Amino acid sequence: MKSIRTLAALSLLALATPALAAISKGNVAAGQEKSKTCASCHGPTGNESLDPTYPKLAGQYPEYLAKSLRDYRSGERQNAIMAGMAAALTDEDIDDLSAFYAAQEGDLQDLSDVDQR
């Protein structure tokens with residue numbers, strides 16, 4: 001009986017882990033303050049990119065944003081402008097920025113549902 005409870009608890013934990021991982025590690029308010037430099041290209045909320053080639057950041061998944069910034073910082077992802085911007089960011093800065101932009105209302109659409117295409 002105890003092993004069934006343990007198995008059930010472990011199963012529930014395994015199912016909940018991805019949802020817990022999706023919770024942003026950063027601080028939205030700190031990210032807003034740190035985003036002032038980013039606003040010159042992406043706009044104040046990340047939804048007003050000043051050039052159509054600049055991505056909209058508002059509403060993106062925080063994990064995607066954090067990985068992108070870390071990849072720019074490491075050089076794994078190449079872009080001369082973003083490499084320079086990300087070079088000085090700490091992991092905390094990246095988490096805060098990612099949390100801020102993820103918390104913004106965006107006009108991005110989830111196209112994973114075939115009916116939306």
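Here are a few questions and answers about the predicted model above.

Reader: What should I know about the numbering and the model before I start?
Author: Residues are counted from 1 along each chain as its sequence is written, and side-chain values use heavy atoms, with hydrogens and water left out. The model is predicted, so local features need pLDDT of at least 70 and side-chain atom pairs count only at pLDDT 80 or more, while totals for chains, interfaces and linings use all residues.

Reader: Which elements run through the protein from the N terminus on?
Author: Helices (H or I, at least four residues) and strands (E, at least two) are DSSP runs numbered from the N terminus. The protein has six helices and zero strands. Read from the N terminus, then, the order is α-α-α-α-α-α.

Reader: How much of the protein is buried?
Author: Buried means under 20% relative accessible area, worked out with a 1.4 Å probe and protein chains only. The protein has 117 residues, and the buried share of them is 26%.

Reader: Where is serine 49, and which residues does it touch?
Author: Look in the loop between α3 (39–42) and α4 (62–74) for serine 49. Contact means heavy atoms within 4.5 Å. Leaving out residues up to four places away in sequence, serine 49 touches Cys41, His42, Tyr54, Pro55 and Lys56.

Reader: What is the distance from the side chain of serine 49 to the backbone oxygen of proline 55?
Author: A polar atom of the serine 49 side chain lies 3.1 Å from the backbone oxygen of tyrosine 54. The side chain of serine 49 also reaches the backbone oxygen of proline 55, and there the distance is 2.9 Å.

Reader: What is the volume of the largest pocket, and which residues are closest to its centre?
Author: On a 1 Å grid over the protein atoms alone, a pocket is an open set of points where a 1.4 Å probe fits, with protein on both sides within 12 Å along at least five of seven lines; lining residues have an atom within 4 Å of a point. The volume, meaning the space filled by probe spheres set on the points, is about 540 Å³ for the largest pocket. Of its 27 lining residues, the closest to the centre are His42, Leu57, Leu69, Tyr72 and Met82.

Reader: Which element gives the most to that lining?
Author: Two or more residues each come from α3, α4, α5 (80–86) and α6 (91–103). With five residues, the top contributor is α4.

Reader: Which residues lie nearest the centre of the second largest pocket?
Author: This pocket has a volume of about 150 Å³. Eleven residues line it, and nearest its centre are Gly59, Tyr61, Leu108, Gln109 and Asp110.

Methods:
A polar contact is a pair of N or O atoms within 3.5 Å; within protein, one must be able to donate a hydrogen and the other to accept it, and residues adjacent in sequence count only if both atoms are side-chain atoms. Buried means under 20% relative accessible area, exposed over 50%, partly exposed in between (1.4 Å probe, protein chains only).
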